[in-house]
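User: I would like to learn how to read strand pairing and pockets in a model. Please take one feature at a time, with the general idea before the case.

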Amino acid sequence: MAKTKKSFVNIANSKRGVYEEVIKKIAKQKVCPFCEEELHKHHERPIHQKGAYWIATDNMYPYKNTKVHLLFIHRKHISDITEMSKEAWEELRSMMKDFIQKKKTPGGILHMRFGDTRYTGASVQHLHAHLISPDLKAEKQFGFKWEEKE
């Protein structure tokens, strides 16, 4: 993705120390850090697998108290799941299944971020998914607590 006036990152959603500084630097460059030509400049974790549609890697800034935190990044710059092909959906399912089996993950969370970052909480507006499994030995486990609306 070439440089443009458009912002691909949301600094407001990156308030986590070092990560915030990284996102500020990327915002000044006006590039998408998840596009393949930029990924190697901003992501220091190994790429586990490259498919036709997805790249699988460890999250560079994993959530606290997680045992597994993988990131699946769509190779083509899209921001919405409605832009995905059936083949891309199938490849994502297949890659996640392989990693769940390889890492012997008994349970976890599939968390996909798409669309406007004001709604998703994402810091990067590029379709990506998280595969997260908590560390049950941690004092406080990662997870989502469901609460009823009043």
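User: Which residue in E3 does isoleucine 55 stand opposite?

Analyst: In this predicted model, isoleucine 55 stands opposite isoleucine 73 in E3. The strands involved are E2, residues 54-58, and E3, residues 66-74. Five bridges join them, and they run antiparallel.

User: Which residue in E2 is the bridge partner of lysine 50?

Analyst: That partner is again isoleucine 55. Lysine 50 belongs to strand E1, residues 47-50. E1 pairs with E2 in the antiparallel sense, over three bridges. Three residues lie between E1 and E2, and the two strands form a hairpin.

User: How should I think about side chains along a strand, and how many residues of E2 are buried?

Analyst: The general idea is that side chains in a regular strand alternate between the two faces of the sheet. As for burial, four of the five residues of E2 are buried, and the strand is mostly covered.

User: Why does threonine 66 count as buried?

Analyst: The cut-off for buried is under 20% relative accessible area. Threonine 66 counts as buried because its relative accessibility is 18%. This residue lies in strand E3. A polar atom of its side chain is 2.9 Å from the backbone oxygen of tyrosine 63.

User: Now pockets. How much space lies in the largest pocket?

Analyst: The general idea is to roll a probe the size of a water molecule over the atoms, which shows where empty space is left. Here the largest pocket holds about 340 Å³ of space. Its lining has 23 residues, and the closest to its centre are Arg16, Tyr19, Phe34, Asn59 and Ser123. Helix H1 (18-29), helix H2 (36-42) and strand E5 (128-134) are the elements that give two or more residues to this lining. H1 gives the most, with four residues.

User: What is the lining of the largest pocket by class?

Analyst: The largest pocket is lined by 13 nonpolar, eight polar and two charged residues.

User: How much space lies in the second largest pocket, and what is its lining by class?

Analyst: The second largest pocket has about 200 Å³ of space. Its lining residues include Lys67, Val68, Lys103, Lys104, Ser133, Pro134 and Asp135. E3 and E5 are the elements that give two or more residues to that lining. By class, the second largest pocket has four nonpolar, three polar and five charged lining residues.

Definitions and conventions:
Residues are numbered from 1 along each chain as its sequence is written. This is a predicted model: local features need pLDDT of at least 70, side-chain atom pairs count only at pLDDT 80 or more; totals for chains, interfaces and linings use all residues. Side-chain values use heavy atoms; hydrogens and water are left out. Buried means under 20% relative accessible area, exposed over 50%, partly exposed in between (1.4 Å probe, protein chains only). Two strands pair if DSSP finds at least two bridges between them. On a 1 Å grid over the protein atoms alone, a cavity is a set of points where a 1.4 Å probe fits but cannot get out, and a pocket is an open set with protein on both sides within 12 Å along at least five of seven lines; lining residues have an atom within 4 Å of a point. Grid points are joined across faces, edges and corners, and a volume is the space filled by probe spheres set on the points. Ala, Val, Leu, Ile, Met, Phe, Trp, Tyr, Cys and Pro count as nonpolar, Asp, Glu, Lys and Arg as charged, and the others, Gly among them, as polar. A polar contact is a pair of N or O atoms within 3.5 Å; within protein, one must be able to donate a hydrogen and the other to accept it, and residues adjacent in sequence count only if both atoms are side-chain atoms.
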